[in-house]
Amino acid sequence: MVKGRGFVKLSSSLGAIEILTISYIASMGIGFLFGAIPVIFTIDEWSLLKQTIVHFTLMIVISYQLVYGQDGFLLRPFPLQYI
């Protein structure tokens with residue numbers, strides 16, 4: 001990977017299929033995150049404060065891993081030649 005002008009450029013080792021596969025898997029993870037984590041608010045034994053703190057913590061930790069865990073993949077610009 002080559003850094004330049006604030007963006008991380010894709011190296012030539014990743015092809016269009018690999019880029020789309022990584023993006024698809026990351027999108028599935030984000031969809032699961034936003035679909036499953038709000039179940040925390042159905043736990044009646046917990047106070048609203050505890051539910052909010054646990055929800056916020058899980059959202060931050062998991063979404064941070066999805067965004068930055070693939071070497072910042074979601075922050076890279078998608079090359080227009082693949083469109």
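The exercises below work through a predicted model of one chain.

**Exercise 1. Describe the make-up of the chain and the confidence of the model.**

Step 1. Start with the elements. The chain holds two helices and two strands. Read from the N terminus, their order is β-β-α-α.

Step 2. Turn to confidence. The average pLDDT of the chain is 75, and 64% of the residues score at least 70.

Step 3. Over residues 1–8, pLDDT stays under 50. For this stretch the model has 13 contacts beyond four places in sequence.

Step 4. The chain has 83 residues, of which 14% are buried. Its accessible surface is about 6,400 Å², and carbon and sulfur atoms account for 68% of that surface. Take the contacts between residues at least 6 apart in sequence: 54% of these join residues at least 24 apart.

**Exercise 2. Decide whether Leu 33 is buried or exposed, and find what Leu 33 touches.**

Step 1. Leu 33 belongs to helix H1, which covers residues 16–36.

Step 2. Apply the cut-off. Buried means under 20% relative accessible area. Leu 33 has 2%, so Leu 33 is buried.

Step 3. List the contacts. With residues up to four places away in sequence not counted, Leu 33 touches Pro 38, Leu 58, Met 59, Ile 62 and Ser 63.

Step 4. Check one pair by distance. Leu 33 and Met 59 are 26 residues apart along the chain, and their C-alpha atoms are separated by 7.4 Å.

**Exercise 3. Identify the residues of the nonpolar surface patch and classify Phe 56 and Val 61.**

Step 1. Name the members. Phe 56, Leu 58, Ile 60, Val 61 and Ile 62 make a nonpolar surface patch of about 430 Å².

Step 2. Phe 56 lies in helix H2, and Val 61 is found in helix H2, which spans residues 48–68.

Step 3. Classify Phe 56. Exposed means over 50% relative accessible area. Phe 56 has 55%, so Phe 56 is exposed.

Step 4. Classify Val 61. At 46% relative accessibility, Val 61 is partly exposed, because this class lies between the cut-offs for buried and exposed.

Step 5. Relate Phe 56 to a residue elsewhere in the chain. Phe 56 and Ile 37 are 19 residues apart along the chain, with 9.5 Å between their C-alpha atoms.

Notes: Residues numbered from 1 in each chain as written. Predicted model: local features only at pLDDT ≥ 70, side-chain atom pairs only at ≥ 80, totals over all residues. Heavy atoms only, no water. Patch = residues over 30% accessible without salt bridge, like charges linked within 9 Å, V, L, I, M, F, W, Y side chains within 5 Å. Areas by Shrake-Rupley, 256 points an atom, 1.4 Å probe, with all protein chains shown as cover. Salt bridge = Lys/Arg side-chain N within 4 Å of Asp/Glu carboxyl O. Helix = DSSP H or I, 4+ residues; strand = E, 2+ residues; numbered from the N terminus. Buried < 20%, exposed > 50% of the residue type's maximum accessible area, 1.4 Å probe, protein only. pLDDT = per-residue confidence, 0-100. Contact = heavy atoms within 4.5 Å.
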